[in-house]
Amino acid sequence: MPSATSSQLNIPSKKDSVSAEEWQLRVDLAAAYRLIALYGWDDLIFTHISARIPGDEHHFLINPYGLMFEEITASSLVRVDQEANKINPDDFDINPAGFTIHSAIHAVRDDAECVMHTHTAAGVAVSAQKEGLLPLSQQSLFPLASLAYHDYEGVALREDEKARLQKDLGTANSMILRNHGLLTVGKSIANAFLGMYILQRACEVQIGALSGNRELTPIPGGIVDTIKQQASQVTKGQGGNLAWPGLLRKLDRTNPGFRD
């Protein structure tokens, strides 16, 4: 996959002007954008992934509006505050709809370093189905262990929707935005990505299964009820952190440049 570097986009490197901690967040977040593009979950320049920068300011990093996900680099990411003000006025502008959703969650979920949102065909299709995500596959069990729903209110631009987003998400790590798409949060960018990977797969399986015109076999309720403990055992508390180094190596082979 072709990729762009910061130099090609005329974006000065920020590596020496931010803390080492922020730079690592930038590299991981840029990688997440490239991975979303690599797996075909992007939606041109729309949807967003954000990462909270540690500190009392509740600043977070988000993508510049107008760049394709395959073009995102560590230095191109925009640091904003809770009022959508760019900390660096020379940065690209951001999408106000993305700001509304992500700022709402970062404001109340200090445990959520990363918030990931997609508009994939399978995700939007499941979000439009009245029953939402069904227990039809092993993949579906993991998001079902911590899944919330938010009803569609139009393009997410209104300030008053934030409170409802926050209430609906609660302490869940996955959310289906009705008629809109998918959202995951994680204690790390890696965990948020793994959550999205599994949720996306579950939606793909569900759409495939429902299109087969055959009677389905749902997973028994007792298994669904015990999935929280089982999920912890499978990931050993590490979640996406186990897969992340391999994913970064994959990007270095197929779509380098995100570290710029």
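## Terms and basis of the model

Two strands are said to pair if DSSP finds at least two bridges between them. Strands (E, at least two residues) and helices (H or I, at least four residues) are DSSP runs, numbered from the N terminus. Strands of a sheet pair through backbone hydrogen bonds, either parallel or antiparallel.

The model is predicted: local features need pLDDT of at least 70, side-chain atom pairs count only at pLDDT 80 or more, and totals for chains, interfaces and linings use all residues. Residues are numbered from 1 along each chain as its sequence is written, and side-chain values use heavy atoms, with hydrogens and water left out.

## The sheet

Seven strands form an open sheet with mixed pairing, in the order β3-β2-β1-β4-β7-β6-β5. Because β3 (78–80) and β5 (147–150) stand at the edges with a single partner strand each, one side of each is left without a neighbour in the sheet. On average, neighbouring strands of this sheet are turned by 20 degrees against each other, direction ignored. For such angles, axes are lines fitted to C-alpha atoms, for helices over the stretch in contact, and angles run from 0 to 180 degrees between N-to-C directions.

Strands β4 (residues 114–118) and β7 (residues 181–186) run antiparallel and are joined by five bridges. Val115 has Val185 of β7 as its bridge partner.

## Helices on the sheet

Helix α1 (residues 20–38) packs on the sheet and touches β1 (48–52), β2 (60–62), β3 and β4, where contact means heavy atoms within 4.5 Å. The direction of α1 makes about 165 degrees with that of β1.

Helix α5 (residues 161–169) also packs on the sheet, touching β5, β6 (174–177) and β7. Its direction makes about 155 degrees with that of β5.

## Strand β1

Strand β1 pairs with β4 in the antiparallel sense over four bridges, and Ile49 has Met116 of β4 as its bridge partner. Two bridges join β1 to β2, and these strands also run antiparallel. Here the bridge partner of Arg52 is Phe60 in β2.

## Tyr65

Tyr65 lies in the loop between β2 and β3. This residue counts as partly exposed because its relative accessibility is 33%, a value between the limits for buried (under 20%) and exposed (over 50%).

Definitions and conventions. Buried means under 20% relative accessible area, exposed over 50%, partly exposed in between (1.4 Å probe, protein chains only).
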